[in-house]
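The following paragraphs guide a new reader through the structure shown below.

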Amino acid sequence: MIRFLSCLGLITITAHCIWADDSLRARNDAIIVRALERMDNYDYSQDAHVQQAISRHLGRHEGTAEYVALARRFRPADMQEKLTALIFSDVGDSIKVDAAGLLGDAENGPQTIRQLLKSESQDQAAETARVLALLGNGRAISILGDVARDGERPYQVRRHAVAGLARNRNGEKVLIQLAESKELTADTRLLAGGLLARSGDKNIRELAGKLLPQPQQKNRQPLEPIDKLAQRRGDAAAGMQLFRGTATCANCHIVDGFGKEVGPNLSEIGGKLSREAMLTSILDPSAGISHNYENYVVLTDAGQVIVGLKMSETPNEILIRTAEAVDHKIPLNEIEQIKKSEKSIMPDDLHLTFDQKGLLDIVEYMTKLKSK
Ligand code: HEC
């Protein structure tokens with residue numbers, strides 16, 4: 001009681017003084033804040049001077065670990081905005097994680113976080129996912145689970161959600177469940193499987209092996225997981241040779257005028273896809289078939305099966321382009337059956353035509369393909 005009264009006295013006296021000198025005022029504000037921190041029940045909500053002292057003190061600590069601790073205690077009105085700024089600043093991860101934790105606890109905080117994950121800036125959305133992954137509490141895991149199954153989000157954002165889930169015992173289970181229910185977006189299957197294959201939990205490793213199998217090399221050795229491969233570098237010149245030669249990529253992709261046009265032109269792919277996404281495109285092509293490249297299987301009256309991309313369609317005929325870049329015009333009245341295939345026209349065993357080094361070389365080559 002005595003301490004309470006003396007603090008109260010101190011606050012009242014110091015808060016009402018007019019300080020000519022800024023550093024003195026700062027010190028005074030700090031004294032008020034420290035005194036308040038020691039008192040649980042003192043209601044300062046009506047005291048404008050105290051409020052201003054707190055607000056100035058918070059302002060002086062913006063962007064620091066101290067700010068988060070103060071905000072946790074005083075819950076300033078603009079806290080969400082400031083914590084968000086902290087998450088996107090270049091402070092260390094411990095502070096970011098602390099800020100994200102507090103943001104999640106705030107009223108409407110979880111909605112704010114979900115908004116950040118949908119932020120127009122892909123980098124900011126991805127950074128939010130990364131920080132949530134480091135936070136790893138129940139709320140973060142549940143939000144990341146939602147991101148991992150939402151195919152509308154950019155790959156960069158979902159991959160951080162997947163990586164974060166894999167870092168956490170409960171998160172691992174969420175990933176297994178998403179894989180089982182086929183809700184995990186297809187282009188992160190390879191990443192998720194590679195991460196879970198390294199789980200500390202044998203049960204998880206086994207389930208992952210069944211649900212999210214990893215590709216083998218041509219020598220039957222497993223490939224390194226793609227998050228690891230994405231950190232390695234290759235030889236771009238050797239990659240170009242493979243691309244144009246034995247790997248057959250140029251049979252379907254044009255780069256700088258060279259090659260055939262079955263799949264998309266890859267002349268600027270280095271500016272579009274991360275290494276990890278390139279690896280996924282090669283190792284699991286069916287995971288991310290874009291709308292323009294849906295593969296069809298056509299059975300004609302004459303019993304011929306033609307497999308390829310539907311390039312155009314008129315009331316009388318369709319144009320199918322095969323993997324060999326041959327166009328077939330097929331009159332509609334000669335079609336017995338036409339079915340959209342789940343599989344990409346891009347073969348899923350191309351990596352068996354080269355070894356792991358070749359894979360890294362091709363990826364290296366593609367990272368260099370940027371707009372000139
Ligand atoms: C038989 C044709 C074919 C071959 C051979 C082929 N691709 Fe593809 N590729 C496609 C098609 C079609 C797509 C479009 C999406 C899909 O169906 O997966 C594609 C998509 C891609 C993408 C993603 C492009 C994007 O914009 O997202 C990359 C990267 C890629 N291929 C690289 C390669 C590499 C490297 C090779 C050689 C190792 C290769 N492709 C061989 C047909 C092929």
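In this predicted model, helices H16 and H17 each contribute at least two residues to the lining of the largest pocket. The largest pocket has a volume of about 940 Å³. Its lining comprises 40 residues, and those nearest the centre of the pocket are His-253, Pro-264, Ser-281, Gly-288 and Met-346. Sorted by class, the lining of the largest pocket consists of 25 nonpolar, 11 polar and four charged residues.

Two elements give two or more residues to the shell around the ligand, namely helix H16, which spans residues 275-283, and helix H17, which spans residues 356-367. The shell holds 25 residues, and the nearest of them to the ligand are Cys-249, Cys-252, His-253, Lys-272 and Met-346. By class, 19 residues of this shell are nonpolar, five are polar and one is charged.

His-253 places a polar side-chain atom 2.8 Å from a nitrogen atom of the ligand. In the case of Lys-272, a polar side-chain atom lies 2.5 Å from an oxygen atom of the ligand. Ser-344 also takes part, with an N or O atom of its side chain 2.8 Å from an oxygen atom of the ligand.

The second largest pocket contains about 310 Å³ of space. It is lined by 16 residues, among which Ser-286, Ala-287, Ile-289, Glu-342 and Lys-343 are the closest to its centre. The class composition of this lining is six nonpolar, three polar and seven charged residues.

How many aromatic pairs does a search of the whole structure find? The search finds one. The partners are Phe-243 and Tyr-365, whose rings are arranged edge-to-face, with 5.4 Å from centre to centre and 65° between the planes. Phe-243 belongs to helix H15, which covers residues 236-244, and Tyr-365 belongs to helix H17; the pair therefore ties together parts that are 122 residues apart in sequence.

How values were computed
Residues are numbered from 1 along each chain as its sequence is written. This is a predicted model: local features need pLDDT of at least 70, side-chain atom pairs count only at pLDDT 80 or more; totals for chains, interfaces and linings use all residues. Side-chain values use heavy atoms; hydrogens and water are left out. A residue is near a molecule or strand if one of its heavy atoms lies within 4 Å of it. A polar contact is a pair of N or O atoms within 3.5 Å; within protein, one must be able to donate a hydrogen and the other to accept it, and residues adjacent in sequence count only if both atoms are side-chain atoms. Helices (H or I, at least four residues) and strands (E, at least two) are DSSP runs, numbered from the N terminus. Ala, Val, Leu, Ile, Met, Phe, Trp, Tyr, Cys and Pro count as nonpolar, Asp, Glu, Lys and Arg as charged, and the others, Gly among them, as polar. On a 1 Å grid over the protein atoms alone, a cavity is a set of points where a 1.4 Å probe fits but cannot get out, and a pocket is an open set with protein on both sides within 12 Å along at least five of seven lines; lining residues have an atom within 4 Å of a point. Grid points are joined across faces, edges and corners, and a volume is the space filled by probe spheres set on the points. Rings of Phe, Tyr and Trp (its six-membered ring) pair if their centres lie within 6.5 Å; planes under 30 degrees apart count as stacked, over 60 as edge-to-face and the rest as tilted.
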